[in-house]
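User: I have a structure open here and would like to talk it through with you. Could you start with the core and then take my follow-ups?

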Amino acid sequence: MSMSGSSVELPITTDATPEEKVSARKLKRQIRAQEAKTRLSSPWASGLAILLAVLWTVPTLGLFITSFRPPNDIQDSGWWTILANPSFTTQNYQDAWAGAGGTGLSQFFLNSFVIVFPGVIIPISLALLAAYAFAWIDFKGRDILFVAVFALQIVPIQVTLIPLQTIFVNFGLQSSFWPVWISHTIFGLPLAIFLLHNFMKEIPASIVEAARVDGAGHVKIFFVVLLPLLIPAIAAFGIFQFLWVWNDLLVALVFAPNPNLRPITAAIADLAGTRGNQWQLLSAGAFIAIVVPLIVFLSLQRYFVRGLLAGGVKG
Amino acid sequence: MDWLLQPTSVAEKIGSMILAIVLFVAIMGLILWLIDRPKVPLLVIVMGFLGPVTIALAVGLFYPAIKTVFTSFQVTEVAIGANGKPVINPQTGQRMTEQAFSFDNYTKIFTDPAMQKVLLNTVYWVVLVPVVATLFGLIYAVLVDRTRFEKAAKALVFLPMAISMVGASIIWKFVYEYRPTGANQIGLANQILVWLGLDPYQFLITEPWNTFFLIVVMIWIQAGFAMTVLSAAIKAVPDDIVEAAQIDGATGFRLFVSVTVPTIRPAIVVVITTVAMTSLKAFDVVRTMTGGNFGTSVVANEFYTQTFVQGQQGVGIGAALAVVLFIIIIPVIVYNVRQMRLSEDVR
């Protein structure tokens, strides 16, 4: 677990103290000043921090423990009695995964995977191209178009759903994954373009100019010069879009209403409505749905935090 | 070729996914290959880079938004003929209906008591979630700053951001689970009440407080975001400001309130507005935990119910609710952008 807490790599801190020619004495002073900013000088502080951390963790922990308990135990006693009465099983996961009578979550898990890859790759590719044009091609009307794309960020998804659905039905796409892929692409684009444009602008103009002098066209410059430099930015937004698509409920409910297309999040939400008391199923199911974003998040946390701090949050 | 438009087996689904990606790459590759040759006019190059995006956004966002605004002003009425009587459809014998311009959808949203309750709940969400989450994020960021366990402590609070709101809702539904008095409680919240000698409580059903127990879940989710951004902002406060304040005799809490907080104000504004918009637009928590029943619905959830559950007569109301969401968001964004501009100017 590496949380990107160090201030060096965060974009917000670019205007902080220059690192060169810092004498030992000055360094000490800096550290003292840093501490003074936040130190509330109280032995209670650590206690309070631990209390809050526990408060934030216990709900998840409780459901996690529950997911490994036999159904009868779950219904009869709280998970906090587990130490007095330890009994564990993985049966809940097997039941939730395989299910009975086509209710298993494995098919929905597959649907999530089928949805998420095009739902991430397509918008990022399109946004990269658009961001390049906005950043490095000089054409008439560029600024107006860019402002228009930026402004489209404020359109809430809800406003677009019914007309989009009509379009998809007219094209006969409603039983396929195309509506979900296309809508995730559309909804992801404005933010993606904005973020990637910001990253692209940070690349020194001299690099692009040098390539241009060598006779490289825009397509070559994009692929050979800029793309390799943008890998961290692509990773940052990629994780964003991945979590957004995987965790999405609204788009899935509207554009993949058919159980054959339903992703895991929508399936779990459905379970909560229809089998709200079967906690052995719900707890295991919830963790089956959570495990993928959790792995992605924990392994790529630095990029995720960087993406957040670059000013982009989607909701 | 049926499977292309209706994939059912595992192989068909994976096949259609790979096909979609390959198709996309092929088309984009072709476009880029075509424009990557000498003497292609600049306009064509720009269209190659921007064309697909412009079409996608125009057809997928701009047009639907305009269309929905129109729909929100439409109601279905019985068609009246030239003779002043309803027109009868000769084939079905039913009265014909027509779309008419009307403010009725909006009138209903703002006058119907159930809808007013929805609006009030939305106000609670949009005010309480950002304020409490930001306050918590700020306090927590300060408490763990430069401690030995900073990384782990932050990851714990940040984790709810990574899981879906549906997952979070299930986690908390279990915390709130209710068993009658005397029975063994399995939900932690009620067990705590029992330990304190109180009666168990129907957290999700008892009005009016159930809305606030749903809000707790959203705060739990959003606090990690607030903490991360504010923590980075605190670390970026310039030392000379702090030193100057120290020379003036400010220490501890005083220094924090009168120096650190004003300095990171732009970050606080960004966090509050961002969380407010997320809370406004999200319906996952309400839908998963109560389905909007027991007086807990919010605009985003009511939009979904009206549009996709109520059938035809709900579409106009749903469209109007979506437009209300839209209108609430605009000033928040404008304020946010202005703040960002201001803080850039200061730099």
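Analyst: In the largest nonpolar core, which has 188 residues, the members that touch the most others are A130(A), Y132(A), L196(A) and L230(B). A nonpolar core is here a set of buried Ala, Val, Leu, Ile, Met, Phe, Trp, Tyr and Cys residues joined through C-beta atoms within 7 Å. This is a predicted model, in which local features need pLDDT of at least 70 and side-chain atom pairs count only at pLDDT 80 or more, while totals for chains, interfaces and linings use all residues. Residues are numbered from 1 along each chain as its sequence is written, and chains are lettered from A and ligands numbered from 1 in the order in which they are written.

User: Which helix gives the most to this core?

Analyst: Helix 5 of chain A, residues 106-136, does so with 18 residues; helices are DSSP runs of H or I with at least four residues, numbered from the N terminus.

User: And L196(A), where is its place, and is it buried or exposed?

Analyst: L196(A) sits in helix 8 of chain A, residues 178-201, and it counts as buried because it has 26 C-beta neighbours inside 10 Å (buried takes 20 or more other C-beta atoms within 10 Å, exposed 12 or fewer, partly exposed in between, with C-beta atoms placed from the backbone).

User: What is L196(A) in contact with, leaving aside neighbours within four places in sequence?

Analyst: Its contacts beyond that range are A127(A), L128(A), A131(A), A233(A) and F237(A), where contact is defined as C-beta atoms, placed from the backbone, within 7 Å.

User: Switching to chain B, how do helix 2 and helix 3 of chain B cross?

Analyst: The axes of helix 2 (residues 10-35) and helix 3 (residues 42-72) of chain B come within 9 Å and cross at roughly 165 degrees, so the two are roughly antiparallel, a label used for angles over 145 degrees. Axes are lines fitted to C-alpha atoms over the stretch in contact, with angles running from 0 to 180 degrees between N-to-C directions.

User: Which residues meet there?

Analyst: I31(B), L32(B) and I35(B) from helix 2 of chain B meet V44(B), I45(B) and G48(B) from helix 3 of chain B.

User: How many residues does the contact between chain A and chain B take?

Analyst: Chain B supplies 109 residues and chain A supplies 104, and on the chain B side the largest share, 17 residues, comes from helix 3 of chain B.

How values were computed. Angles under 35 degrees count as roughly parallel, over 145 as roughly antiparallel, 65 to 115 as roughly perpendicular and the rest as oblique. Two residues are in contact if their C-beta atoms, placed from the backbone, lie within 7 Å.
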